[in-house]
Structure formats: structure tokens, C-alpha cells
Amino acid sequence: MFIQTKYFGQIACKEEERLLFPKGLFGFEDERDFLLLPFHGSAGTLLCFQSMATPALAFVGINPFALKPDYAPELTEEELAQLHVKESEELSFYTLCAVREPVANSTVNLRCPIAVNEETREAMQVILDTEIYQMRHLLSELSKGEGDDLC
């Protein structure tokens, strides 16, 4: 199938590449089908969550472990059950980035990551029950000057 995207124009994709968000994303509960697309030259660190239904709707995502290797999100038992896993370590995690000018002023939301079960292709955005991570970490503080390469 072909879909129109915000950043990549029209692309071909397969149904099995789709990520299903049964509850949508926060503020976009009706948007349930997304593709996870890497930005060229980012080595898979900088990604795009592209809505399959709404071409103009796309979110910039980052592999949080590239910015903070000790990042350790822990989901509740209920969240783990919804994603059909027993431990958080069985999931892939991505954080959303609010891109600003200059890029060093961009922020990363480590408090509300997107958790993905790569086997079932189900995903959900969660709110971590911890004060360690905030919703607006400055990219420049996390990446120690490497932010221009990420966003």
C-alpha cells in the first residue's frame, strides 16, 4: 500500500509494518495506526511516528538510550499485560521530541515514552510513575552537544 507522509512524501509500506495504538497517543486518541520511519542519516536514533490516516500528523521520536544509556522505564503490571509481556525489558521504547530552533532548545519527554511490543506490533504511550524523568528534558543537556545530530 502507499501512504502520504509529512516528512517523506508518498511511500510504500506493508500492513505488517504498522504499529497499532489501541488507545491512540495522548491528545490523539482517535489516531491508532502509525508507521515508525527512520530519518535518513540518523542511524535509527531519530525516527518519525507517522499517522497512517492523517498525512500531516507525524511526531519526531528518539531512541532514549542513545541520549541516556541508563534510561530505565518501568511499566505497571497492567500496562505490561496490555502489551502482552511480563517485563519492561521485553519492549522497545521511544520518546517524543518537541523540535525547536535552535535545535539545542528542543525537548525530550522521558516521562511519557512510547512502549512497543515488536512481536505483536502493539504500542502505547505511558506515564511513568517516577520523579526521575520529566516531560521536558532539554536535548542539549541530554546529548552533551550532540543534539544537532539528532533533531
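Q: In this predicted model, which residue of strand 6 is the bridge partner of leucine 47?
A: The structure is a predicted model, in which strand 5 and strand 6 run antiparallel and are joined by five bridges. These two strands form a hairpin, with six residues between them. Within this pairing, the partner of leucine 47 in strand 6 is glycine 61.

Q: Which residue of strand 5 is the bridge partner of phenylalanine 34?
A: Strand 5 is also joined to strand 4, the two running antiparallel with five bridges. In strand 5, the residue bridged to phenylalanine 34 is serine 51.

Q: How many of the six residues of strand 5 are buried?
A: On one side of strand 5 lie Leu46, Cys48 and Gln50, and on the other Leu47, Phe49 and Ser51, with both faces covered and all of these residues buried. Strand 5, residues 46–51, is therefore largely enclosed by the rest of the structure, the number of its buried residues being six of six.

Q: Is glutamine 50 buried or exposed?
A: Glutamine 50 lies in strand 5, and, leaving out residues up to four places away in sequence, it touches Ile3, Gln4, Thr5, Lys6, Asp33, Phe34, Leu35, Leu37, Pro55, Leu57 and Ala58. Since a residue counts as buried under 20% relative accessible area, the value of 0% for glutamine 50 makes this residue buried.

Q: How far apart in space are glutamine 50 and leucine 75, C-alpha to C-alpha?
A: Glutamine 50 belongs to strand 5, and leucine 75 is 25 residues away from it in sequence. Taken from C-alpha to C-alpha, the separation of glutamine 50 and leucine 75 in space is 24 Å.

Q: Which residue of strand 2 is the bridge partner of glutamine 4?
A: Strand 1 is joined to strand 2 by a hairpin that passes through three residues. The two strands pair in the antiparallel sense over four bridges. In strand 2, the residue bridged to glutamine 4 is glutamine 10.

Q: Is alanine 12 buried or exposed?
A: Alanine 12 lies in strand 2, which covers residues 9–12, and its contacts, leaving aside neighbours within four places in sequence, are Met1 and Phe2. The C-alpha atom of alanine 12 is separated by 15 Å from that of cysteine 48, a residue 36 positions apart from it along the chain. Because the relative accessible area of alanine 12 is 55%, this residue is exposed.

Q: How are the rings of phenylalanine 28 and phenylalanine 59 arranged as a pair?
A: The structure holds nine aromatic pairs. In the pair formed by phenylalanine 28 and phenylalanine 59, the ring centres are 5.2 Å apart and the planes stand at 70 degrees, and since planes over 60 degrees apart count as edge-to-face, the arrangement is edge-to-face.

Q: How many residues apart in sequence are the parts that the pair of phenylalanine 28 and phenylalanine 59 ties together?
A: Phenylalanine 28, at 32% relative accessibility, counts as partly exposed, whereas phenylalanine 59 is buried, with a relative accessible area of 17%. Both rings belong to one aromatic cluster, formed by Phe21, Phe28, Phe34, Phe49, Phe59 and Tyr94. Because phenylalanine 28 lies in the loop between strand 3 and strand 4 and phenylalanine 59 in strand 6, the pair ties together parts whose separation in sequence is 31 residues.

Q: Which elements give two or more residues to the lining of the largest pocket?
A: The largest pocket has a volume of about 180 Å³, and its lining consists of Phe59, Val60, Leu96, Cys97, Ala98, Arg100, Thr107, Val108, Asn109, Met135 and Arg136. The elements that contribute two or more residues to this lining are strand 6, strand 7 and strand 8.

Q: How many residues of the lining of the largest pocket are nonpolar?
A: Among the residues that line the largest pocket are Leu96, Arg100 and Asn109. The lining includes two polar and two charged residues, and the number of nonpolar residues is seven.

Q: Is threonine 107 buried or exposed?
A: Threonine 107 lies in strand 8 and is one of the residues that line the largest pocket. Not counting residues up to four places away in sequence, threonine 107 touches Leu96, Cys97, Ala98, Arg100, Arg136, His137, Leu138 and Leu139. With a relative accessible area of 10%, threonine 107 is buried.

How values were computed
Residues are numbered from 1 along each chain as its sequence is written. This is a predicted model: local features need pLDDT of at least 70, side-chain atom pairs count only at pLDDT 80 or more; totals for chains, interfaces and linings use all residues. Side-chain values use heavy atoms; hydrogens and water are left out. Buried means under 20% relative accessible area, exposed over 50%, partly exposed in between (1.4 Å probe, protein chains only). Contact means heavy atoms within 4.5 Å. Rings of Phe, Tyr and Trp (its six-membered ring) pair if their centres lie within 6.5 Å; planes under 30 degrees apart count as stacked, over 60 as edge-to-face and the rest as tilted. Two strands pair if DSSP finds at least two bridges between them. On a 1 Å grid over the protein atoms alone, a cavity is a set of points where a 1.4 Å probe fits but cannot get out, and a pocket is an open set with protein on both sides within 12 Å along at least five of seven lines; lining residues have an atom within 4 Å of a point. Grid points are joined across faces, edges and corners, and a volume is the space filled by probe spheres set on the points. Ala, Val, Leu, Ile, Met, Phe, Trp, Tyr, Cys and Pro count as nonpolar, Asp, Glu, Lys and Arg as charged, and the others, Gly among them, as polar.
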